[in-house]
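The following exercises concern one protein chain.

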Amino acid sequence: MAMFDTLRASQRLRDEGGFDERQSQAIAGVLGEDLAPRVATRDDLERLMARLDERFEHLEASLKHHVIVRVGVMVGTATTLLLAALAVAVAVLASS
């Protein structure tokens, strides 16, 4: 859980914001109780980054696999077409 210094916030609201003691304590209390638990901590962000790194590694591996397969299919198709063209050329030359 994220830490929120309600005392410091209350003092800043009082000293810099012009709020009286009661108002500054109430605002700092609301922030500390309601908002602070929703703020991501460094650990939260590090766990998220680790998960994202893992997903990107998986995506990269999958993408590499698909590219290799497609390039292989294209090379095989091109080779087949060249061999067929060569066979036609040989047949045409042999018949003339």
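Helices (H or I, at least four residues) and strands (E, at least two) are DSSP runs, numbered from the N terminus. The model is predicted, so local features need pLDDT of at least 70 and side-chain atom pairs count only at pLDDT 80 or more, while totals for chains, interfaces and linings use all residues. Residues are numbered from 1 along each chain as its sequence is written, and side-chain values use heavy atoms, with hydrogens and water left out.

**Exercise 1.** Determine which elements the protein chain contains and how spread out it is.

Solution. 
Step 1. The chain has three helices and zero strands, in the order α-α-α from the N terminus.
Step 2. Its radius of gyration is 34 Å, well over the 12 Å given by the globule rule for 96 residues, so the chain is more spread out than a compact globule. The radius is taken over C-alpha atoms, and the rule is 2.2 Å times the number of residues to the power 0.38.
Step 3. Along the principal axes, the C-alpha atoms fill a box of roughly 105 × 25 × 15 Å.

**Exercise 2.** Locate Leu45 and decide whether it is buried, partly exposed or exposed.

Solution. 
Step 1. Leu45 belongs to helix H3 (residues 42–95).
Step 2. Buried means under 20% relative accessible area, exposed over 50%, and partly exposed in between (1.4 Å probe, protein chains only).
Step 3. Because its relative accessibility is 46%, Leu45 counts as partly exposed. Of the 96 residues of the chain, 9% count as buried.
Step 4. Between the C-alpha atoms of Leu45 and Val71, 26 residues apart along the chain, the separation is 38 Å.

**Exercise 3.** Describe the salt bridges, each being a side-chain nitrogen of Lys or Arg within 4 Å of a carboxyl oxygen of Asp or Glu.

Solution. 
Step 1. The structure holds five salt bridges.
Step 2. One of them joins Asp44 to Arg47 at 2.5 Å, N to O. Both residues lie in helix H3, three residues apart, about one turn of the helix. Asp44 is partly exposed because its relative accessible area is 31%.
Step 3. Lys64 pairs with Glu60, the closest N and O atoms being 3.8 Å apart. These two also lie in helix H3, four residues apart, about one turn of the helix.
Step 4. Arg12 forms a salt bridge with Glu16 at 3.2 Å between the closest N and O atoms. With a relative accessible area of 57%, Glu16 is exposed, whereas Arg12, at 43%, is partly exposed.
Step 5. Arg14, Asp15 and Glu21 are linked in a network of salt bridges.
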